[in-house]
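Please work through the following exercises with the sequence and the model at hand. Each task is followed by a solution in steps.

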Amino acid sequence: MHLVVFLVTILHCILFLSVHSSFAQQNIVTDKEALISFKSKLDSVESQTYLSSWNNQNSSPCNWTGVSCNGFGQRVISINLSGFGIEGTISPHIANLSFLRTIDLGNNKLRGEIPSQIGNLFHLRVLNLSVNSLEGVIPFNISKLSKLQTLDLMSNKMTGQIPQEIGRLSKLEVLKLRQNAFWGEIPRSLSNLSSLTDLDLGTNSLTGNIPGELGKLRNLEVLDVTINGLTGTVPPEIYNLSSLVKLAVASNLLYGEIPYNVGVKLPNLLTFNYCFNNFTGRIPGSLHNLTNIQVIRMAHNLLVGTVPPGLGNLPFLQMYNIGFNKIHNPPDDGLSFITSLANSTRLNFLAVDGNAFKGVIPESIGNLSKVLSNLYIGKNRIHGEIPSTIGLLSSLTLLDLNDNSVSGKIPEAISHLQELQSLGLARNRLSGIIPNSLGNLKKLNKIDLSGNEMVGQIPISFQNYQSLLSLDLSNNKLNGSIPKEVSKSP
């Protein structure tokens with residue numbers, strides 16, 4: 001009897017090992033079949049060429065382009081075809097790759113919908129389908145991906161509401177849904193994603209308020225809801241997220257005062273973008289105490305008061321945009337805040353246009369960053385002459401001094417701005433002749449000198465322009481005819 005039991009036990013062990021071995025072999029075979037099915041849904045010659053190594057011969061899929069397997073080569077755990085330019089739809093058979101941890105199909109030409117079967121990939125940690133042409137809604141059963149850490153669907157054509165079910169993805173760290181056509185409200189369930197560090201919902205059609213519940217996301221570093229239809233105020237709970245590095249709410253219908261101590265409450269900010277809303281109050285002076293900040297944008301709001309001190313404390317500042325508000329400078333102070341920006345050696349974008357600044361442009365403007373490319377000072381109450389030191393800003397591609405009371409001659413020094421593409425000096429009180437040396441700026445494509453008191457003739461040197469798109473010299477005191485050489489310029 002003992003011998004019989006022993007033999008039966010041995011038989012069971014042999015049978016188990018045989019089945020287990022067969023199962024392992026079937027798994028890798030099934031993975032290969034799933035990959036072949038995925039390839040079959042790609043319908044361009046280029047796609048087939050890129051994946052020429054994906055064939056049904058004896059080669060292991062672990063050696064195929066963009067495919068990775070686990071240590072034993074028994075299962076496919078990653079597909080990375082980012083930037084391959086592949087076209088077609090995503091085969092639902094991708095769900096048969098049950099050991100997948102990473103799917104990266106970003107920056108391709110995929111279309112159609114995300115197959116709902118993708119919710120069966122229980123081991124998935126990264127799902128990147130960004131920069132494609134995918135349509136439809138986010139599958140509701142995506143909530144089954146309990147190990148998912150990154151969900152990136154940016155830059156597609158997806159629509160529908162953001163599923164409440166996403167709030168069940170407790171391991172999620174990155175959620176990027178930017179530049180789609182999602183509508184409805186921001187789900188309050190997102191506040192359950194306690195590991196979330198990056199939340200980007202920008203450039204959609206979202207409405208309603210910014211949920212105060214998002215203030216529970218204590219690890220959040222990026223909050224971007226720009227270019228939507230959000231209303232109401234920024235909840236005070238958001239200003240308690242001291243881990244924030246980027247806070248961007250631009251281009252919505254938000255209102256209310258920006259807390260003056262926002263820089264104290266959010267000490268790690270590198271990017272602060274509140275443009276194109278209806279915010280009131282003053283420029284928060286505490287932002288000028290954030291010595292590492294790189295971007296400050298508050299243009300097109302209803303801000304009042306003066307520019308707070310402290311701009312000289314921002315060595316890493318790259319963009320400062322407070323244009324189109326109701327900001328002014330103190331009496332007899334001139335534009336001294338521009339002088340203080342000389343310490344920001346990385347500044348490449350400065351916009352203070354559309355406000356109520358008075359005074360003359362300081363000579364010290366030439367001390368601004370040598371990488372400054374865009375300078376907007378138009379639509380203010382600036383008078384006096386253009387200082388010749390402006391010619392030291394050798395990287396300028398755009399200079400806007402339109403709609404002021406600037407007088408005197410156009411300085412020859414402007415001809416030193418060899419990178420200049422757009423020159424706006426319209427509707428001022430400039431006089432004298434148009435410098436012939438402006439013709440040396442061969443990259444200029446837009447010139448507006450209209451509404452001044454310029455005299456003389458149009459310089460023949462304007463024939464040097466290689467890419468001129470717009471030339472406005474109207475409402476001056478110019479005489480003579482337009483030189484044939486100028487009218488023939490490209």
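The structure shown is a predicted model.

**Exercise 1. The disulfide**

Task: Determine how many disulfides the structure holds, and state which hand the disulfide of Cys62 and Cys69 has.

Solution. Step 1: the count is one disulfide. Step 2: its partners are Cys62 and Cys69, whose sulfur atoms lie 2.1 Å apart; the cut-off for a disulfide is 2.5 Å. Step 3: the torsion about the S-S bond of Cys62 and Cys69 is about -95°, so the disulfide is left-handed. In general terms, such a link is a covalent bond between the sulfur atoms of two cysteines.

Task: Decide whether Cys69 is buried or exposed, and do likewise for Cys275.

Solution. Step 1: a residue is called buried under 20% relative accessible area. Step 2: Cys69 has a value of 18% and is therefore buried. Step 3: Cys275, at 1% relative accessibility, also counts as buried.

**Exercise 2. Residues with positive phi**

Task: Locate Ser155 and Asn475, and classify the accessibility of Ser155 and of Asn475.

Solution. Step 1: Ser155 has a phi near 55°, a positive value in a residue other than glycine. Step 2: Ser155 belongs to the loop between strand S8 (150–152) and strand S9 (159–161). Step 3: with 19% relative accessibility, Ser155 is classed as buried. Step 4: Asn475 is not a glycine either, yet its phi is positive, at about 55°. Step 5: Asn475 sits in the loop between strand S34 (470–472) and strand S35 (477–478). Step 6: its relative accessibility of 63% makes Asn475 exposed, since the threshold for exposed is over 50%.

Task: Find where Leu473 lies, and say whether Leu473 is buried or exposed.

Solution. Step 1: Leu473 is in the loop between S34 and S35. Step 2: a relative accessible area of 14% places Leu473 in the buried class. Step 3: Leu473 and Gly451 are 22 residues apart along the chain, and 7.7 Å separates their C-alpha atoms.

**Exercise 3. Two open sheets**

Task: Give the strand order of the open sheet of three strands and identify its edge strands.

Solution. Step 1: the order is S3-S5-S7, and the pairing is parallel. Step 2: strand S3 (87–88) and strand S7 (133–135) are the edge strands, each pairing on one side only. Step 3: strand S5 (residues 109–113) pairs with S7 in the parallel sense over three bridges. Step 4: Glu113 stands opposite Glu135 in S7.

Solution. Step 3: strand S25 (residues 358–360) is joined to S27 by three bridges, with Lys358 opposite Arg381 in S27. Step 4: three bridges also link S27 to strand S29 (residues 405–408), where Val406 is the bridge partner of Gly384. Step 5: strand S33 (residues 453–456) and S35 are joined by two bridges, and Gly456 has Leu478 as its bridge partner in S35.

Task: Sort the side chains of strand S27 (residues 381–385) by face.

Solution. Step 1: in a regular strand the side chains alternate between the two faces of the sheet. Step 2: Ile382 and Gly384 point to one face and are buried.

**Exercise 4. Core and pocket**

Task: State how many residues the largest nonpolar core has, and which element gives the most to this core.

Solution. Step 1: the largest nonpolar core has 125 residues; among those with the most contacts inside it are Ile103, Phe272 and Tyr320. Step 2: the elements giving two or more residues to this core are helix H1 (2–40), strand S1 (67–69), strand S2 (76–80) and helix H4 (336–340). Step 3: H1 gives the most, with three residues.

Task: Describe the lining of the largest pocket by class.

Solution. Step 1: the largest pocket holds about 170 Å³ of space. Step 2: its lining has 14 residues, and Thr226, Ala248, Ala250, Asn273 and Arg297 lie nearest the centre. Step 3: strand S16 (246–248), strand S18 (271–273) and strand S20 (295–297) each supply at least two lining residues. Step 4: by class, the lining has seven nonpolar, four polar and three charged residues.

Conventions
Residues numbered from 1 in each chain as written. Predicted model: local features only at pLDDT ≥ 70, side-chain atom pairs only at ≥ 80, totals over all residues. Heavy atoms only, no water. Buried < 20%, exposed > 50% of the residue type's maximum accessible area, 1.4 Å probe, protein only. Helix = DSSP H or I, 4+ residues; strand = E, 2+ residues; numbered from the N terminus. 1 Å grid on protein atoms, 1.4 Å probe; cavity = no way out; pocket = protein on both sides within 12 Å on 5 of 7 lines; lining within 4 Å. Points joined across faces, edges and corners; volume = space filled by probe spheres on them. Nonpolar A, V, L, I, M, F, W, Y, C, P; charged D, E, K, R; others polar. Pairing = 2+ DSSP bridges. Core = buried A, V, L, I, M, F, W, Y, C linked by side-chain atoms within 4.5 Å.
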